[in-house]
Amino acid sequence: MALADDAVLKVGIGHFYTAPVGTPRPTDLANIGPEWEHMGHTSLEDILSSNVEGGERTQLGSLQRRALKTSVSGRTESFTINLLQFDTDSLQLALGSNARINDDGDIEVPETPVATERAWLFLFFDGETVGGIYASRASFIAAESISISDTESLTQLPLEVTPMSDGDSTSPYRFIPPRVVEGIDDGSGEDGEGS
């Protein structure tokens, strides 16, 4: 493995987007296209965390060689992001696609929520270096209960994003390795400087 200075990353700015299921990954990360809708403000401290279920390793062997092969079970990976906007779009993603908006503009919380399915894109920036995660199909639902614990920090709306296989693909999501992208606008208002 060679040394690659532009492959290291110190995230300065990040943006989360959704689009209709099946929307292709943008080929130009500097101009992702109008079909991708920004998810709004998210937590500065708790940017992204992942949770893996499955993936257990089993060592298989023969009488002649105890460690002959390793078998790995199927795995499901989900990500938690923390939304900071308590607007209708954010609340519906967290509370379920069947959360109804009534005539007063209030959101009625369903007893049995149904996850929302959308394509998902996370782009993270370090100056002109950009990397990301893309899923053509993912489910969105609240990750845990909302906790309002103090008056000093912004209240978070934890959202679980679970990438899922789409069509004939057996890959639930893609990791976009960090790379230098000319003309990138990270949305920071600092001429592409994301840190």
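**Note on the predicted model**

1. Among contacts in the protein between residues at least 6 apart in sequence, 62% join residues at least 24 apart, where contact means heavy atoms within 4.5 Å. The model is a predicted one, in which local features need pLDDT of at least 70 and side-chain atom pairs count only at pLDDT 80 or more, while totals for chains, interfaces and linings use all residues. Residues are numbered from 1 along each chain as its sequence is written, and side-chain values use heavy atoms, with hydrogens and water left out.

2. On the overall layout, the protein has one helix and 12 strands, these being DSSP runs numbered from the N terminus (H or I of at least four residues for helices, E of at least two for strands). Read along the sequence, the pattern is β-β-β-β-β-β-α-β-β-β-β-β-β. The C-alpha trace spans about 70 × 45 × 40 Å along its principal axes.

3. Of the 195 residues, 34% count as buried, which is to say under 20% relative accessible area, with exposed meaning over 50% and partly exposed in between (1.4 Å probe, protein chains only). The mean positions of the 12 positive and 32 negative charges are 18 Å apart; Lys and Arg count as positive and Asp and Glu as negative, without His and the chain ends, and the place of a charge is taken as NZ of Lys, CZ of Arg, CG of Asp or CD of Glu.

4. The largest nonpolar core holds 20 residues, of which M39, I81, W120, F140, L159 and V161 touch the most other members. A nonpolar core is here a set of buried Ala, Val, Leu, Ile, Met, Phe, Trp, Tyr and Cys residues joined through side-chain atoms within 4.5 Å. At least two residues of this core come from each of β6 (75-83), α1 (88-95), β9 (116-126), β10 (129-142) and β11 (157-163), and β10 gives the most, with four residues. A second, separate core of 15 residues includes L29, I32, V130 and I176. In soluble globular proteins, nonpolar side chains tend to be buried together.

5. What does F140 touch, not counting residues up to four places away in sequence? Its contacts are T18, M39, L93, A115, T116, R118, A119, W120, L159, E160 and V161.

6. In α1, the residues S90, L91, L93 and A94 are buried. They lie on the same side of α1 because they cover an arc of only 160° around the axis, the arc being that of the directions from the helix axis to the C-beta atoms. What covers the buried residues of α1 includes β6, β8 (107-108), β9, β10 and β11. After α1 comes G96, whose phi is positive, near 125°.

7. T162 lies in strand β11 and counts as buried at 13% relative accessibility; leaving out residues up to four places away in sequence, T162 touches T76, E77, S78, R137, A138 and S139. The C-alpha atoms of T162 and E77 are separated by 6.5 Å, although these residues are 85 apart along the chain. P158 is also placed in strand β11 and counts as buried, at 6% relative accessibility. With residues up to four places away in sequence again left out, P158 touches I81, N82, A142, A143, E144 and S145, and its C-alpha atom is 9.3 Å from that of S147, 11 residues apart in sequence.

8. E111 is found in the loop between β8 and β9 and is exposed, with a relative accessible area of 83%; the C-alpha atoms of E111 and L159, 48 residues apart along the chain, are separated by 18 Å. L68 lies in the loop between β4 (57-60) and β5 (69-72), and, leaving aside its neighbours within four places in sequence, L68 is in contact with L60, G61 and S62. The C-alpha atoms of L68 and E53, 15 residues apart along the chain, are separated by 25 Å.
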